[in-house]
Amino acid sequence: MQETLSPDLVRLAAKSARDEYTDGAVYQLLSRHEKNQSFKKALEDLGRGEQSHYEFWKAYTHDPAVKVNRFKVYFTLFLRLTLGLTFTMKFLERHEDALHERYRQMVKNIPPADKARFEAMMEEDEHQESYLRGEVHEGRVKYMSFIVLGLADAVVEISGIHAGSLGIFNRTELAGLSGVIAGMAASIAMASAAYAQAKQGFEGSAKWSAIYTGVSYMFTAIFLALPYFLTTSMITAIGVSLVVGVSLVAAMTYYDTVISARKFKRQFAEIAGIILAASLALFIAGAIIRQLLPGISIG
């Protein structure tokens, strides 16, 4: 039968068989490391489904040996252990969407005798994904908005304080110290604000909302200040600090957009633009103050 198959279908089948076989191995590995029984069962069901899909595509391949992509398997486990199951499943869902789009483009090449099974497989995939989304509800995701709030505010405010301080001080460590002190005060203020906000109808704990906001702000302030203690060059210090800040925002924005299924580029560009604009404006303001009041320069 395979001699009559189109070359495009054979090529697709070989790639799809490996993808589905790897996805099945991913879900089985995740299920073995999952303590929550509801999550564990959902992952096992997904693994069995991927095995069935692998067998469908395997029938069209000429190569009997299908190898698992071990890098993907262990990389996915790493994501699970570090970023949580919700993020991991949303991340894998993007891959599944790409697979489904590829399958839809090849539907015309599926032999008529297998069309019904192919359509059933596509429908089963969509059902499994919605089932998993209904089963997986990690507590940490509820507090993601508070972590993003603390991190984003810290990057904008502390980067601006550093830039403004460099316009006044002659020593980078003084600029760094000003950022750390401001970060300590601001983290307490932000935590208090988050606590009050969470009290207004938030489903989670107001205490943990405050902790996530305050801690994320303080740690971000420390990371941003580190370059100022490691170099005496004003340009190097502010440059490295801004790179650290933008990198932190990029990482957290990506996490948030995967969880919320929003667009990364626009959200990241908005925050990065605010950071750079605020830093430039405050550096100019600090330089002007230094020129108008030369006696205020320290260091």
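**Figure 1. Overall fold of the predicted model.** The protein holds 11 helices and zero strands, where helices (H or I, at least four residues) and strands (E, at least two) are DSSP runs numbered from the N terminus. Along the sequence the pattern reads α-α-α-α-α-α-α-α-α-α-α. This is a predicted model, in which local features need pLDDT of at least 70 and side-chain atom pairs count only at pLDDT 80 or more, while totals for chains, interfaces and linings use all residues. Residues are numbered from 1 along each chain as its sequence is written, and side-chain values use heavy atoms, with hydrogens and water left out. Of the 299 residues, 45% count as buried; buried means under 20% relative accessible area, exposed over 50%, and partly exposed in between (1.4 Å probe, protein chains only). The accessible surface comes to about 15,700 Å², and 64% of this surface belongs to carbon and sulfur atoms. Accessible areas come from the Shrake-Rupley method with a 1.4 Å probe, and for residues only the protein chains shown count as cover. Among contacts (heavy atoms within 4.5 Å) between residues at least 6 apart in sequence, 76% join residues at least 24 apart.

Figure 2. Leu30 lies in helix 1 (residues 7-32) and counts as buried because its relative accessibility is 2%. Setting aside residues up to four places away in sequence, Leu30 touches Leu43, Thr76, Leu77, Arg80, Thr88, Met89 and Leu92.

**Figure 3. Salt bridge between Lys72 and Asp23.** Side chains of opposite charge can pair when their charged atoms come close. A salt bridge is defined here as a side-chain nitrogen of Lys or Arg within 4 Å of a carboxyl oxygen of Asp or Glu. Six are found in a search of the whole structure. In one of them, the side chains of Lys72 and Asp23 meet at 2.5 Å, N to O. This pair links distant parts of the chain, with Lys72 in helix 3 (residues 70-83) and Asp23 in helix 1, 49 residues apart. Both Lys72 and Asp23 are buried, Asp23 with a relative accessible area of 2%. Apart from residues up to four places away in sequence, Asp23 touches Glu50, Lys72, His95, Glu96 and Leu99.

Figure 4. Salt bridges that share partners join Lys41, Asp45 and Arg48 into one network. The closest N and O atoms of the salt bridge between Glu270 and Arg266 are 3.5 Å apart. Glu270 is partly exposed, with a relative accessible area of 45%, whereas Arg266 counts as exposed at 64% relative accessibility.

**Figure 5. Crossing of helix 4 and helix 10.** Two packed helices are described by the angle between their axes and the distance between the axes. The axes of helix 4 (residues 85-105) and helix 10 (residues 234-260) come within 8 Å and cross at roughly 75 degrees. Axes are lines fitted to C-alpha atoms, for helices over the stretch in contact, and angles run from 0 to 180 degrees between N-to-C directions. Helix 4 and helix 10 are therefore roughly perpendicular to each other; angles under 35 degrees count as roughly parallel, over 145 as roughly antiparallel, 65 to 115 as roughly perpendicular and the rest as oblique. From helix 4, Thr86, Phe87, Lys90, Phe91 and Arg94 meet Tyr254, Tyr255, Thr257, Val258 and Ile259 of helix 10.

Figure 6. Phe146 lies in helix 7 (residues 144-166) and is buried, with a relative accessible area of 4%. Leaving out neighbours within four places in sequence, Phe146 is in contact with Ala194, Gln197, Ala198, Phe202, Ser209, Tyr212, Thr213 and Ser216. The C-alpha atoms of Phe146 and Ser216, 70 residues apart along the chain, are separated by 8.6 Å.

**Figure 7. Nonpolar surface patch.** Leu177, Ile181, Trp208, Ile211, Val215, Phe219, Ile222, Phe223, Leu226, Phe229 and Leu230 make a nonpolar surface patch of about 1,100 Å². Helix 8 (172-198) and helix 9 (206-230) are the elements that give two or more residues to the patch. Patches are made of residues with over 30% relative accessible area and no salt bridge, like charges being joined within 9 Å and nonpolar side chains (Val, Leu, Ile, Met, Phe, Trp, Tyr) within 5 Å. Helix 9 gives the most, with nine residues. Leu177 lies in helix 8 and counts as partly exposed at 42% relative accessibility.
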